[in-house]
Amino acid sequence: FRLYEKLRDLEDMEKNAARKTEINAYAARFLSASRGLRQFIRMEAEDSVYYAEESRYGIELNSAPLNVAELLEKFLFRREFPVILCSATLAVRRSFDYFVKRVGYTGGDAFGLDSPFSRDQAEVFVHRSLPEPGDQEPYIEMLTEYIPHYLDITHGHAFVLFTSHRVMRRCADELEDYFRERDMELLIQGEDLTRSMMLKKFRSASNAVIFGVNSFWTGVDVPGDALSNVIITKLPFQMPDHPLPAARCERIERNGGRAFSDYSLPEAVLKFRQGIGRLIRCRTDRGIIAILDSRILKKSYGRVFLDCLPYKITVAD
């Protein structure tokens with residue numbers, strides 16, 4: 001707070017309007033950071049989880065509510081103004097029940113609209129006999145064989161989506177010769193380029209490939225010929241040892257629910273839908289989707305993921 005007060009004093013003495021605005025902005029940022037740090041140290045927010053994790057920028061201190069439904073219901077859905085929630089990926093098996101419960105949406109209608117895209121715009125390839133992700137070394141060896149197979153079909157122009165930085169890095173290292181021999185440009189999330197810089201380079205290249213995690217599963221829009229292939233290396237279940245999903249699962253079990261079916265599975269399905277949704281962005285787009293996680297065929301819950309695929313599915317051994 002002392003630094004904040006010094007900045008306020010400096011602002012009062014400053015005569016230049018532009019510099020005065022800049023100092024005010026810095027003061028507001030320091031005040032927000034100070035309050036956030038105090039809240040983290042004291043763990044002031046009830047029913048929340050607090051954790052620290054390493055990022056490319058250093059150590060991040062995080063806190064998150066375990067039940068956002070109560071907050072959104074109080075501060076958003078009970079107010080005297082209309083609210084519309086709209087997205088292409090809110091339903092699991094054509095049901096909005098999970099999302100409605102998750103966000104605390106009450107007192108309104110929920111309905112789904114048909115997709116403007118046709119079934120023949122993409123083909124999905126799944127494999128029954130691939131090693132499962134739990135068999136780490138055979139699984140990575142399989143990825144380094146099948147990723148090139150599908151990249152050759154489209155000559156690059158692909159997103160390869162991972163759930164682990166470590167596995168992504170292993171595959172990039174193993175496939176270095178492959179990309180050099182094919183003269184494909186490989187862009188790896190977490191290296192020198194930001195996400196926006198990676199996308200700009202991807203769009204302008206002739207046969208680029210992006211290896212991405214997390215943020216490349218969602219919120220990325222590349223219509224046209226630049227992207228014609230999405231490879232899902234693993235069904236996107238959250239890491240069970242991450243503090244946030246672990247705490248939310250513990251809370252569900254404590255309240256008599258089932259963590260896997262009530263939280264882990266629907267969360268993974270929604271992210272899965274977002275991932276495959278990167279491919280078809282307009283009615284003229286065409287391409288393929290390859291899913292290299294055999295659990296989609298072997299496990300009973302795999303049917304929930306398969307039901308989300310609106311395109312022709314080809315099953316191979």
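**Reading a helix cap and a buried histidine**

Trainee: Which residue caps the N-terminal end of α6?

Mentor: Ser164 does: one of its side-chain oxygens sits 3.2 Å from the backbone nitrogen of Arg166. Bear in mind that this is a predicted model, where local features need pLDDT of at least 70, side-chain atom pairs need 80 or more, and totals for chains, interfaces and linings use all residues. Numbering runs from 1 along each chain as its sequence is written, and side-chain values use heavy atoms, with no hydrogens or water.

Trainee: Which residues of α6 are buried?

Mentor: Buried means under 20% relative accessible area (1.4 Å probe, protein chains only). In α6, a helix (a DSSP run of H or I, at least four residues) spanning residues 165-174, they are Val167, Met168, Cys171 and Ala172.

Trainee: Why do they line one face of the helix?

Mentor: Look down the axis of α6: its buried residues fall within an arc of 135 degrees (directions from axis to C-beta atoms), so they line one face.

Trainee: And what do the buried residues of α6 pack against?

Mentor: Five elements: the helices α5 (136-154) and α7 (176-182), plus β4 (158-162), β5 (186-188) and β6 (209-213).

Trainee: Now His127: is it buried or exposed?

Mentor: His127, in strand β3 (residues 122-127), counts as buried because its relative accessibility is 6%.

Trainee: Which side chain makes a polar contact with the His127 side chain?

Mentor: That of Tyr150, at 2.6 Å. Leaving out residues up to four places away in sequence, His127 also touches (heavy atoms within 4.5 Å) Tyr146, Ile291, Leu292, Ser294, Leu297, Ala316 and Asp317.

Terms used
Buried < 20%, exposed > 50% of the residue type's maximum accessible area, 1.4 Å probe, protein only. Helix = DSSP H or I, 4+ residues; strand = E, 2+ residues; numbered from the N terminus. Polar contact = N/O pair within 3.5 Å; in protein donor to acceptor, adjacent residues only side chain to side chain.
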